[in-house]
Amino acid sequence: MIRLEKRPQPSRLWTIVTPLLAVVLTMVVGGIMFALLGKPPLEAIRTIFWDPLFHPQFAGYSRPQLLVKAGPLILIAIGLSIGFKAGIWNIGAEGQYIMGAVTGAAVGLAFYPSDSVLLFPLMVVAGALGGWAWAMIPAVLKTRLGTNEILVSLMLVYVAENILASASSSWLRNPEGMGFPGSRNFKQWPAVFNDELVANTGMHWGVVAAFIAVIAAYVLMARHIQGFNIRLTGEAPRAARFSGVSPARIVILCLGISGALAGMAGLFEVTGPAGQITIDFNSGYGFTAIIVAFLGRLHPVGILLAGLLMALTYIGGELAQLMLGLPGASIQLFQGMLLFFLLATDVFTNYRIRFAKGELA
Amino acid sequence: MKRRTLLASAALGLALAGAPAFAQDVPKIGFVYVGPVNDGGWSQHHHEAAVKMKEHFGDAIEMIEQESVPEGADAERVLTQMALSGADLIFTTSFGYMDPTINVAAKFPDVKFEHATGYKTAENVSAYSARFYEGRAITGYLAGAMTKSNKIGYIGSFPIPEVIRGINSSFLHAKKANPDVEMSVVWLSTWFDPAKEADATQALLDQGVDVVLAHTDSTAPLSVLEKAGAYGFGQAADMYDYAPEPRLSSIIDEWAPYYIDRVQAVIDGTWESHNSWQGIGDGMVGIGEITGPVPEDVKATAEQMKADIASGAYHPFTGPINKQDGSAWLAEGEVADDGVLAGMDFYVEGLTAEIPN
């Protein structure tokens with residue numbers, strides 16, 4: 001008989017090993033899936049994980065794209081991880097991301113065609129505020145009325161999607177767009193275009209902000225008293241209350257940070273890679289960031305690596321579709337496996353396997 | 001002899017040194033879809049047309065496809081990777097790919113692009129779209145003729161010119177059949193969502209509507225109409241499974257002839273950028289067989305209308321037509337020009353609803 005025995009403390013070794021194990025298991029099971037689809041498994045795995053970095057034809061383009069794709073994921077996931085540490089489950093980062101983009105873009109477009117250097121920073125602030133305000137709805141409802149922030153934040157995603165649709169088809173619509181939906185394109189407005197800071201590196205302000213967020217989150221969680229309070233609230237809510245930590249303040253703080261970061265991510269995306277507000281502007285970054293946060297063990301450095309890994313599977317997955325004709329759904333399944341195996345192997349962090357008979361292990 | 005070898009090796013050298021686009025033996029044709037290729041709607045039709053095109057040419061071409069590509073930054077990356085992989089011609093099959101297509105095309109002047117339903121073109125970017133409003137004239141006429149309650153409904157996706165044209169065209173021709181007809185419009189903010197479409201159909205039925213025209217792609221409205229004993233039309237596909245009732249006819253997207261035509265042009269080296277807007281006459285818009293209890297005279301009129309539109313004898317937007325506010329738009333006998341139609345953002349007189357803002 002195999003028996004699971006709870007460890008007195010989560011294993012430090014396994015905390016680091018499980019993400020790697022999850023990646024390996026995903027490769028193995030994903031490879032079997034690709035083989036069943038009649039595609040060469042090793043080639044598919046190589047295309048997903050290796051080619052975006054080293055393929056002679058594509059890598060020059062796709063390597064910088066890793067940063068472009070990972071930037072918003074990391075920025076949002078950092079914000080989410082702080083709340084998750086405190087046991088505050090913001091599932092609606094997608095909505096905060098949309099509202100940040102819409103608010104920031106609206107503020108910018110109100111000044112069109114200004115070429116002031118202050119405009120872009122103003123838009124970043126507006127984007128952060130937009131996301132923050134959207135996150136304050138579940139926060140205030142939770143602290144005042146005790147509603148569940150998971151449901152409220154998730155439902156607000158659909159509200160935000162409708163606001164986005166109305167923005168792109170009416171009040172932010174490009175007046176020169178012949179009646180078609182979509183705002184003006186920020187790429188054609190140099191004063192606010194969030195371009196690559198150095199050509200062909202993929203580094204735009206959003207990526208810079210993501211790196212700053214990683215460092216700031218590390219300092220906050222490891223060195224700052226609020227970080228301690230956040231962790232304490234998550235791990236021992238009663239103890240936190242006894243030591244004078246106000247649960248309401250922690251809720252407001254955590255949802256506020258994650259909302260503001262998601263909003264900024266939206267603003268950097270709309271003024272940079274996406275270029276304009278469109279009906280389908282949001283492409284799921286807010287939801288994928290939840291996977292990134294857990295894959296990175298809610299640790300800032302882990303999230304940085306997890307964001308890059310996730311971006312790699314996106315870009316590699318596209319190459320695999322293109323070069324091997326893999327169906328798009330199989331790539332999504334492959335990404336889903338990553339989270340599945342991570343959660344499955346997580347058991348080993350908290351439990352030890354015991355073989356009851358003979359006690360050989 | 002020596003000169004010939006020299007030339008041959010020079011040519012080989014050129015081929016090797018040239019852009020990857022020229023290194024292939026056969027033209028490589030790419031397709032990018034916004035939804036999964038089995039969505040039962042827009043993307044599936046483009047995919048099926050692409051497969052027909054591939055069957056037509058067999059090994060003379062290579063085809064690559066990418067599905068579920070979000071519009072915006074992701075599209076730009078996917079298109080760039082496709083161009084880098086040596087594609088010669090890339091079809092971008094959704095409106096939201098317009099700016100990404102133009103941006104990527106500027107970086108790859110040797111790769112040709114075809115963008116569906118947009119309005120921007122470039123030296124190496126064509127725009128192509130279908131005059132669905134021609135088909136909507138016929139389904140609108142049938143709807144007007146078949147309603148007993150004098151109330152017909154229209155399920156709209158997004159208030160963009162394409163859909164507004166469809167609403168206006170349907171309504172004008174429903175009125176031709178039945179001057180007392182009223183039309184209710186419901187907006188869903190989606191192109192494909194069976195549950196929402198079914199709810200909208202039910203809501204229209206509850207208002208007393210008995211014929212529903214849908215601008216969304218699923219068969220859900222027809223299955224609701226079937227239970228209620230009301231009528232509807234096939235959208236994007238023939239949806240003949242619902243004939244003879246509740247499906248009275250259909251508007252069918254026929255992209256394959258265009259794809260075959262354009263790929264042939266690439267093979268022949270005659271491809272040139274254009275802005276193409278094709279209708280019933282060119283075969284891009286198909287009208288499904290008229291079924292159900294449609295009276296013979298109505299059927300004959302509808303078929304005559306189809307023939308006249310195809311031959312160019314009749315334009316669905318022929319004056320006198322007033323705008324919703326009563327101001328004159330087209331004078332007696334005047335025909336709408338493509339520019340106004342392309343950006344249409346107003347209802348015609350008689351529609352009571354407002355375009356959502």
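## Transmembrane annotation on chain A

An unreviewed UniProt entry marks "transmembrane region" over residues 12-37, 66-84, 96-112, 118-141, 150-172, 202-221, 250-268 and 329-348 of chain A. UniProt positions follow the numbering used here, feature names are shortened, and annotations may be inferred rather than shown by experiment. This is a predicted model, where local features need pLDDT of at least 70, side-chain atom pairs count only at pLDDT 80 or more, and totals for chains, interfaces and linings use all residues. Residues count from 1 along each chain as its sequence is written, with chains lettered from A and ligands numbered from 1 in written order.

For residues 96-112 of chain A, the figures are 88% helix, 0% strand and 24 Å between the end C-alpha atoms. Helices (H or I, at least four residues) and strands (E, at least two) are DSSP runs, numbered from the N terminus.

## How H5 and H7 of chain A pack

Helix H5 (residues 93-110) of chain A packs on helix H7 (residues 149-171) of chain A at about 30°, and the axes sit 8 Å apart. Axes are lines fitted to C-alpha atoms, for helices over the stretch in contact, with angles from 0 to 180 degrees between N-to-C directions. So H5(A) runs roughly parallel to H7(A) (under 35 degrees).

On the H5(A) side, the contact uses A:Glu94, A:Gly95, A:Ile98, A:Met99 and A:Val102; residues from H7(A) include A:Leu156, A:Ala160, A:Ile163 and A:Leu164. Contact here requires C-beta atoms, placed from the backbone, within 7 Å. By type, the residues split into 10 nonpolar, one polar and two charged (Ala, Val, Leu, Ile, Met, Phe, Trp, Tyr, Cys and Pro are nonpolar, Asp, Glu, Lys and Arg charged, and the others, Gly among them, polar).

## Where chain B meets chain A

The contact draws 31 residues from chain B and 32 from chain A. On chain B's side, strand E2 (62-66) and helix H3 (73-84) are the elements giving two or more residues, and H3(B) gives the most, with eight. That side comprises 15 nonpolar, 10 polar and six charged residues.

## Confidence

The model scores ipTM 0.81 and pTM 0.81. Chain B has a mean pLDDT (the predictor's per-residue confidence, from 0 to 100) of 89, and 93% of its residues reach 70 or more.

Notes. Angles under 35 degrees count as roughly parallel, over 145 as roughly antiparallel, 65 to 115 as roughly perpendicular and the rest as oblique. Two residues are in contact if their C-beta atoms, placed from the backbone, lie within 7 Å.
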